[in-house]
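I opened this entry to look up helix packing and charged side-chain pairs. My notes follow the model.

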Amino acid sequence: MRITEAAKRLGMSPRMLRYREALGLLPPIREQGAHRRFGAEELSAVAQAVELEKRFDVSPAELAFALRALSEPAVAAAVRDLGVRIGRIQVPRRALDFEQEKALRLLRNSAPGRTPDRTRGNR
């Protein structure tokens with residue numbers, strides 16, 4: 001089906017459908033002659049995107065950026081770094097940090113004059 005009919009079925013304007021396409025929220029399939037034909041898969045993808053936007057209260061542009069962050073490691077890393085910097089994301093603990101913290105707990109619990117804390121499983 002052509003864009004006008006697809007937009008009507010989805011309850012949006014053809015312009016909004018073109019906007020979603022420009023954002024990368026539609027599968028990249030075009031027919032010869034550069035006209036887009038919409039089938040069940042395209043309609044389903046748009047409906048799923050609209051559902052996500054409503055459920056998580058985001059715009060089509062925000063959803064497109066989230067997809068970009070998921071698919072481009074450099075973008076994901078930059079967003080993660082910002083999240084850590086502004087306190088929205090905790091720095092992931094490395095295995096070495098965990099082992100160091102465990103060793104320090106063991107040393108504190110075995111200090112002279114202190115009985116080991118066996119309630120936490122430390123021995």
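I am working with a predicted model, where local features need pLDDT of at least 70, side-chain atom pairs count only at pLDDT 80 or more, and totals for chains, interfaces and linings use all residues. Numbering runs from 1 along each chain as its sequence is written, and side-chain values use heavy atoms, without hydrogens or water.

**Helix α1.** I took helices as DSSP runs of H or I, at least four residues, numbered from the N terminus. Helix α1 spans residues 3-10, and Ile 3, Ala 6 and Ala 7 are buried there (under 20% relative accessible area; exposed is over 50%, partly exposed in between; 1.4 Å probe, protein chains only). They sit on the same side of α1 because their arc around the axis is only 100°, taken from the directions from the helix axis to the C-beta atoms. I found that they pack against α2 (14-23) and α3 (40-56), with contact meaning heavy atoms within 4.5 Å. The face turned away carries exposed Thr 4, Lys 8 and Arg 9. Just after α1, Gly 11 has a positive phi of about 75°.

**Salt bridges.** I counted four, each a side-chain nitrogen of Lys or Arg within 4 Å of a carboxyl oxygen of Asp or Glu. Arg 9 pairs with Glu 5 at 3.2 Å, N to O. Both lie in α1, four residues apart, about one turn.

Arg 20 and Glu 53 meet at 2.7 Å, N to O. This pair links distant parts of the chain, α2 and α3, 33 residues apart. Is Arg 20 buried or exposed? Arg 20 is buried, and so is Glu 53.

Key
Helix = DSSP H or I, 4+ residues; strand = E, 2+ residues; numbered from the N terminus.
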